[in-house]
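Let's take a walk through this model together, starting with the chain as a whole and then moving into its core and a couple of its helices.

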Amino acid sequence: MQNDILTSLTRLSDAELVARMKSLVARERDATAQIVAHLAELDTRDVHLREGYESLYAYCRDALGLSEWEAYNRIEVARTARRFPVILGMLAAGAIHLTAVRLLAPHLTPANHREVLDSARGKKKPEIEEIVARLSPRPDVAASVRKLPALRLQAAPPGEAPVAPGLAAMDPAVPVPPETRLTADSATLPRAAVTPLSPDRYKLQLTIGGETLEKLRLAKDMLSHAIPSGDDAAVLDRALTALLVDLARKKFADTRKPRRPRAKDPRARDASAAVKRAAWVRDLGRCAFIGRSGHRCNERRFVEFHHVDPYALGGEATVDKIELRCRRHNDYEGRLYFGKRRRDGTGAVREETTSNGPQPIEPANLFWNKSAAGASSSTRSAGVEPQR
């Protein structure tokens with residue numbers, strides 16, 4: 001049956017596939033709101049007890065077949081929705097997601113719930129955590145350095161299911177997840193964690209090596225005249241500032257005092273330093289690919305200089321012909337030119353053009369340009385995905 005579904009989808013055009021996907025997501029959102037509403041009503045009855053389960057969580061997990069995290073998330077949201085029914089409509093409309101409601105639940109009151117929920121519309125989890133930090137600010141954490149043993153993630157015994165974090169607080173019978181038990185036999189370390197504490201204040205927790213610690217201590221000693229307190233956060237900020245300036249100079253020819261540009265053949269493969277600077281400032285250091293819906297990629301990782309017209313076809317390395325692309329979109333547009341072209345439902349090759357025109361160049365160094373912090377400030381017009 002599943003193979004038949006996948007086979008049938010291969011016959012759909014891109015537009016039909018996207019339309020079906022959007023329809024399914026809308027139905028899933030509506031179903032999620034209905035499930036939450038039903039759980040809210042089940043929570044007021046003893047149905048799970050009559051069915052032989054000690055808690056509603058156990059009933060959802062064992063009788064309904066939900067995962068531990070699905071059961072926990074939905075029950076918490078259901079209890080919040082009973083207090084503030086407006087949540088159900090927002091879930092059905094896709095304005096807010098289950099994780100957002102769960103994180104905001106302890107901070108919602110009859111007086112603020114509408115304002116807080118409206119501020120969470122369309123927000124991702126990190127942004128929701130910042131709203132929580134604004135509603136319930138916590139003091140800054142004290143800087144500390146302590147030696148840790150080498151850690152190893154212990155494998156879960158066969159047949160033992162992992163349990164989502166936080167379940168033990170809801171149900172004391174729930175064990176600690178086996179995959180998070182730590183033993184001191186390996187160098188496997190957790191990733192750095194960033195936690196919002198209050199508006200514009202964050203807790204950064206990470207594990208570093210002995211050499212890095214020595215570099216930090218040496219930097220604090222050498223900066224003792226500028227930062228007498230030896231504040232680790234201030235030292236880290238200065239180190240990152242110097243690193244970003246150096247990276248911008250190496251990757252994008254960025255400098256406060258650029259040399260007078262020398263004449264360079266525009267048909268050269270590599271763009272000149274002046275062109276790189278101009279393209280980087282104009283595109284705000286982010287991928288400038290714009291899809292057919294008008295959405296801009298804005299990725300900052302693995303950014304590359306992209307010839308709007310391929311160099312192999314005579315494209316020039318000028319400001320209006322060089323744009324920033326992330327590695328995936330650079331490869332994608334290359335495949336549109338030289339790879340296998342996509343065909344529509346009639347079998348004809350689709351030939352589409354792009355309306356990505358050149359943009360005015362903003363003066364000043366990008367790193368020092370505050371406007372670069374928000375890619376939404378880009379004024380590039382929405383273009384059509386190039387299909388050549």
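Of the contacts in the protein chain (heavy atoms within 4.5 Å) between residues at least 6 apart in sequence, 64% join residues at least 24 apart. Keep in mind that this is a predicted model: local features need pLDDT of at least 70 and side-chain atom pairs count only at pLDDT 80 or more, while totals for chains, interfaces and linings use all residues. Residues are numbered from 1 along each chain as its sequence is written, and side-chain values use heavy atoms, with hydrogens and water left out.

The protein chain has 14 helices and 6 strands; these are DSSP runs numbered from the N terminus, H or I of at least four residues for helices and E of at least two for strands. Buried residues make up 31% of its 388 residues, where buried means under 20% relative accessible area, exposed over 50% and partly exposed in between, with a 1.4 Å probe and protein chains only.

Now head inside. The largest nonpolar core has 31 residues, and I87, L91, I96 and L104 have the most contacts within it. Such a core is a set of buried Ala, Val, Leu, Ile, Met, Phe, Trp, Tyr and Cys residues joined through side-chain atoms within 4.5 Å. The elements giving two or more residues to this core are α2 (14-42), α4 (56-63), α5 (68-83), α6 (86-93), α7 (98-104), α8 (113-119) and α9 (125-135). Take L104: leaving aside neighbours within four places in sequence, L104 is in contact with I96, V116, L117, A120, I128, I131, V132 and L135.

Over in α5 sits T80, which counts as buried because its relative accessibility is 5%. Not counting residues up to four places away in sequence, T80 touches I87, V101, A105 and L108.

As for α2, its buried residues are T32, A33, V36, L39 and A40, and what covers them includes α4, α5, α6 and α7.

Finally, look at α14. Its buried residues are N330, Y332, E333, L336 and Y337. Seen down the helix axis, the buried residues of α14 fall within an arc of 160 degrees (taken from the directions from the axis to the C-beta atoms), so they line one face of the helix. They pack against β5 (303-307) and β6 (322-326), whereas the face turned away from the buried side carries the exposed residues R328 and F338.
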